[in-house]
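Colleague: Hi! Could you walk me through this one? I'm still new to reading models.
Modeller: Happy to, let's look at it together.

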Amino acid sequence: MSSFRHVCIQLIRALLILWGAFTVTFFLLQMMPGDAVMVRFMDPELGLSPEQIEAMRVLYSGSSSPVFQYFHTILRMLHGDFGYSVQLGVPVRTLIEAALPVTLRLAVVGFILSLVWTLLIAIGASLLPARPLRQIFQAIPGFWSAIPLYWSGIFIIQVLSFKLRLLPVVGVGPWEGTILPALAVSLPIAAPQAKLLLQQIEETERLPFVMAIRTKGASQRSVFFRHILPNSVTPCLTMAGISFGELIAGAIVTETIFGLNGLGRLTRDAVSGQDVAVLQAVVMIGATGFVAANLVVDLLIPLINPSLRSSAGWKETSGS
Amino acid sequence: MNTQRPVLDVSHLGISYDGKPAVENISFQTFPGQTMALIGESGSGKSTIAKAIIQLLPPSACVTHGIITLNGISLPDATPRALNAIRGHQIGFIPQDPSSSLDPRLPVGRQIEEVLRLHTSQRRAERRAHVLHLLEHVGFSEPERRFLQYPHELSGGMKQRVLIAIAVALAPPLIIADEPTSALDVTIQGQILDLLDRLREESGSSVLMITHDLAVARDRAHDMIVLRHGQIAEQNTTRNLFENPRSSYTRKLLADSPAFHSRPATPERPVSGTQPAIQVKDLTIAYGSRTAVSHLSFDVQPGTTHGIIGESGSGKTTLLRCLMGLIPPQSGSVHVQGKDIFSETSAERRQRLRSMQLVYQNPWSSLDPRLTIRRIIEEPLRNYFPEGQAWRQARLHDLLERVHLPLALLERYPSEISGGQCQRVALARALAAQPDILVLDEFVSALDVTVQARILELLSELQKELNLTFVFVSHDLAVVRQIADTLSIIRYGKQEEYGDAEQIFREPASPYTQTLLRAIPGQQHSGKAKREGSKEW
């Protein structure tokens, strides 16, 4: 009952956030100096008169009233129509349909890889028999977050692709082409997640119940996997949700280095060309990614933490 | 003396933390079906000994010498694998704080099942049946329902029952109970100790009970070891220890324990005729639809102490918040020095909050750890009095003298002083505002008995010198008896009893008060000693 209510409230909140994101970006983009029509048609070599440029502007933006445009755009978007790109003269929807799968593949594979790294680091730092080995694992997150993405990306191409010839970077299928960039993008995401998880594990280990479980005769490994780890993942999960949202919005640097035509590339081109319709669409996709990832996390956390499951009524009815 | 083989044999045990000796030359044996109590104040090394026996000392600790054997097996020489087979199976451990000793993420049934899964080859269905049986055995009426409940759905006493079920699941020869009831209400305390006694008698296990509470040990233990600074101050049978203590430290402990004597006779105070310092009339406080306190009334005369006794969940904290004017009542009134605190102007409020100081329970957490003692006590002086630095300095010294703290402490931080000293600082800080009323919330509950006794003496002294009025809230009847002139006993937000404190302690009218008084440990011993007398050798 009350968990159904919880889900409804979370959904409504998610929709409100999306609407807010739309509104803020819409008016911010309106306020930008200059516009895409200018950028594209001002070139003197095209020889267009100011009147002709004005006509183009009317063609692309419909009416001039921002309020009318606001509602017009919202309605259009709800029907899946994102308008036209001024730069390329094609529907934004076509651009997104080409870019989104690339970005989604990168996001999903990169995200899963980052979870794998996080878990491996946590296990290594907690369970390896020798103390120096554990300390090496504990140092990994700090080390990884200090490496800039453009450097590690180029490093990965140089070593894995050019030197070791494990995977080519050009002329490959969509999934093979995703592996190297996903590897590059997973490292900086895994670093803060792993750091948080290690901290949380250290805190959980100090809790009295862990000592109580040891007195039952459970081995270090069993205590770790059954009790310490499940009690430590919650904050890490929240952070993972945020990281995934960021990935959906497009990884500009990674896409540029690996020559992927994803949302990141699309965003970069749209910003330099002041292509408002494309920007608006990209922002909305990013916001949806964020909201969806956080929604999933919020719904997952009560499954891991029984004390957060539903609430009020329980305590009073059970005391006897 | 004893012809039986000992279960646990500790001899010449020495343990040090980072090279500093914490425990030295400890030797004792425990026998089947007997309870041995390790008594000591905080820092005496009693928990360290318990952890050394089960081989779970923190990495900074190191056993420097001595032998620990369990049924002839040397525990320090056992491999990690062998130790895991012994823990839970040969040694049951009942931890200190039930509220934090269960995995919050798993149903309690699964947590009992874990110990069976680790040590037996029972199948899933057998384990489940075994757990249900254990739950019933430790006093749960609906084992199936309890099996699936999570720790946060159970009360403290119920959680302790679950932990006891884990400890006794495989009928281990040795059960270590580390302060098994310190975190529980007095009526629950008795039930849990009774349960432990019953299980010990049934299984013939040997119980090593670690406690700071002399009264609990007196009721439950056959033999006792009194520890002081990591060494044995006295080792004796319980009866001998209480009847003719051999060491001077034991005698001091006995003298300081509130459970073993009543309030020293105080001269009668003139109480009638004056205006009450605090007057609470028909007070009802509700959170939403839930009534936390209902129809409470009491008067506190100036210069006297009103004790408020209640177990957890009784509404004590809510009542205190309302007394301080922090939450409004649903009905009824609170008058402080004749003024209704819920219809005062903001100037009156400021004046009242100066003259009425709240002093909290936990000695360390109520002092800002980043401020020196000087800054902590100076803060209210700066806030309330415009006088200059020289005046403040003089006042500061005066306050320290009143609470008997050395001046050398002024530049230290709260983490660098003891719990008793922290409470003295908290008192000095409260007194800095020159209050007429102190509201003391579980003020001595976290302190060792010898420190507790000194703080209670200080409170009486301050009351006489400064004519202070105290409201003293506690769950500990023995402590309240030491200090209260009048008394309210509350339960589920209702006033069970109100009146002269000695009168209530001598002739309790309400059945609940009678239960409470009977549950105070330390009085069963006469009956118990007789009953157990025949078993002594």
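Colleague: What share of the residues in chain A is buried?
Modeller: Of the 320 residues in chain A, 33% are buried. Keep in mind that this is a predicted model.

Colleague: And how many helices and strands does chain A have?
Modeller: Chain A has 15 helices and 0 strands.

Colleague: What about its contacts, how many join residues 24 or more positions apart?
Modeller: Taking the contacts in chain A with a separation of 6 or more, 73% are between residues 24 or more positions apart.

Colleague: Let's pick two helices. How do helix 5 and helix 13 of chain A cross?
Modeller: First, a bit of background: a pair of packed helices is described by the distance between the axes and the angle between them. For helix 5 (residues 92–127) and helix 13 (residues 263–272) of chain A, the axes come within 8 Å and the crossing angle is roughly 135°. That angle makes helix 5 of chain A oblique to helix 13 of chain A.

Colleague: Which residues meet there?
Modeller: From helix 5 of chain A you have A:L95, A:A99, A:L100 and A:T103, and they meet A:L263, A:G264 and A:L266 of helix 13 of chain A. In this contact between helix 5 and helix 13 of chain A, 5 residues are nonpolar, 2 are polar and none is charged.

Colleague: Now helix 7 of chain A. What should its span be, and what is the distance between its ends?
Modeller: Helix 7 of chain A has 15 residues (149–163), so at 1.5 Å a residue it should span 21 Å. Its end C-alpha atoms are 20 Å apart, which agrees.

Colleague: What follows helix 7 of chain A?
Modeller: A:R165 follows, with a positive phi near 55°. For context, most residues other than glycine have a negative phi.

Colleague: Is B:D213 buried or exposed?
Modeller: B:D213 counts as buried, because it has 21 C-beta neighbours inside 10 Å. You'll find B:D213 in the loop between strand 8 (206–211) and helix 8 (214–220) of chain B.

Colleague: What does B:D213 touch?
Modeller: Leaving out residues up to four places away in sequence, B:D213 touches B:S182 and B:P521. B:D213 and B:G522 are 309 residues apart in sequence, and their C-alpha atoms are 9.2 Å apart in space.

Colleague: Last topic: what is the strand order in the open sheet of chain B?
Modeller: The 4 strands run in the order 12-11-14-15, with antiparallel pairing. At the edges are strand 12 (290–300) and strand 15 (339–340) of chain B, each pairing on one side only.

Colleague: How many bridges join strand 14 to strand 15 of chain B?
Modeller: There are 2 bridges between strand 14 (residues 331–336) and strand 15 of chain B. B:H335 stands opposite B:D340 of strand 15 of chain B.

Colleague: Which helix lies across strand 12 of chain B?
Modeller: Helix 11 (residues 316–323) of chain B lies across strand 11 (278–287), strand 12 and strand 14 of chain B. Helix 11 runs at about 60° to strand 12 of chain B.

Note on methods:
Residues numbered from 1 in each chain as written. Chains lettered and ligands numbered in written order. Predicted model: local features only at pLDDT ≥ 70, side-chain atom pairs only at ≥ 80, totals over all residues. Expected span 1.5 Å × (residues − 1). Axes fitted to C-alpha atoms, helices over the stretch in contact; angles between N-to-C directions. Parallel < 35°, antiparallel > 145°, perpendicular 65-115°, else oblique. Contact = placed C-beta atoms within 7 Å. Nonpolar A, V, L, I, M, F, W, Y, C, P; charged D, E, K, R; others polar. Buried ≥ 20, exposed ≤ 12 C-beta atoms within 10 Å, placed from the backbone. Pairing = 2+ DSSP bridges.
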